[in-house]
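Dear colleague,

Please find the structure below, followed by a summary of what was found in it. I would be grateful if you would read the summary with the structure open.

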Amino acid sequence: MKKCALINDISGFGKCSLGAGIPIISVYGIEAHPIPTAVLSNQTGYSSFKKVDLTEHMGSFFSEWKKLGVHFDGILTGYFSDERQIDAVLEFIHANESAVILADPVMGDLGKRYKGFSDSLCDKITELAFSADIVTPNVTELYLLTGENDIEKGARVMLDSGVKTVIVTGIKNKNDIGNAVFEKGAEKAYYAPYSGVSYSGTGDLLSAVVMGGLLSGKNAFSAVKTATDFISLAARNTETANRNDGIDFEKYLYTLGRDAIEKR
Ligand code: PXL
């Protein structure tokens, strides 16, 4: 079986991060191997949360993995709580040359940085994003990464510096919301009806669906179309109206499993 390393936090509530990434990679028939960056009672969008940072332990986890001598087909990164975690990840990436690297540069949303994101942490996240094969920033993160305030120009900056695929998420257009894929010489956006609520975790779901699709032999365009339809279906059928709770994606995981089987 293919193996994907997932480097992200685990949050008890908010249906995001590893709580979203592990089931999605698994339903694609790919082994999910997590290293948590932090453990949180719930994601940071709620008014209160408790976080245990795992920076001091990540290096030793990577060392143990090295002893196991395993090869990873994909490395998917998400939320970091300390810039030193990214140094450990960059070293891990260098040791896994043939892996597909997808960096989701989790930094902010709706025009603002998330709580606790310092300049130095954002600089390191930017360094990681620019060294990835694929990035999945939302519009706010694209502007933070590139200093641009135009989607097309921001994506172009990243492509010109060597990123192969830039996927810009959460683009609002009238009553729709969508995701745009940019590669050298090709671009396309995929839209679905907007539920009216900007839910937690949808970026994490998208990055995992894209990784699952790519490791199953899809191209980025097809993977993003699948992710857009999946997230839209779940968002439109979500019970909670509290954005922090995330979407009811569990009910629709089977659609991704079917998608993966068709590709096999
Ligand atoms: O979904 C992004 C994310 C991941 N992890 C944590 C978060 C957030 C967004 O707020 O707080 C802990």
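The buried residues of α5 are V139, T140, E141, L142, L145 and T146; buried means under 20% relative accessible area, exposed over 50% and partly exposed in between, with a 1.4 Å probe and protein chains only. The model is a predicted one, in which local features need pLDDT of at least 70 and side-chain atom pairs count only at pLDDT 80 or more, while totals for chains, interfaces and linings use all residues. Residues are numbered from 1 along each chain as its sequence is written, and side-chain values use heavy atoms, with hydrogens and water left out.

Because six of the eight residues of α5 are buried, this helix is largely enclosed by the rest of the structure. The cover over its buried residues includes β6 (108–109), β7 (112–113), α4, α6 (151–160) and β9 (165–173). Helices (H or I, at least four residues) and strands (E, at least two) are DSSP runs, numbered from the N terminus.

E141 lies in α5 (residues 139–146) and counts as buried, at 4% relative accessibility. Apart from neighbours within four places in sequence, E141 is in contact (heavy atoms within 4.5 Å) with D104, P105, V106, M107, G108, Y114 and T136.

**Helices α3 and α4**

α3 and α4 (residues 119–130) pack at an angle of about 15°, and their axes are 9 Å apart. Axes are lines fitted to C-alpha atoms, for helices over the stretch in contact, and angles run from 0 to 180 degrees between N-to-C directions. The angle therefore makes α3 roughly parallel to α4 (under 35 degrees; over 145 is roughly antiparallel, 65 to 115 roughly perpendicular and the rest oblique). In this packing, E83, I86, D87, V89, L90 and I93 of α3 meet S120, L121, K124, I125, E127 and L128 of α4.

**Aromatic residues**

The whole structure holds seven aromatic pairs, that is, rings of Phe, Tyr and Trp (its six-membered ring) with centres within 6.5 Å; planes under 30 degrees apart count as stacked, over 60 as edge-to-face and the rest as tilted. The F72 and F92 rings have centres 5.5 Å apart and planes at 70°, so this pair is edge-to-face. F72 is in the loop between α2 (55–68) and β4 (74–77), and F92, 20 residues away, is in α3 (residues 83–94). Both F72 and F92 are buried. F62, W65, F72 and F92 form one aromatic cluster.

With kind regards
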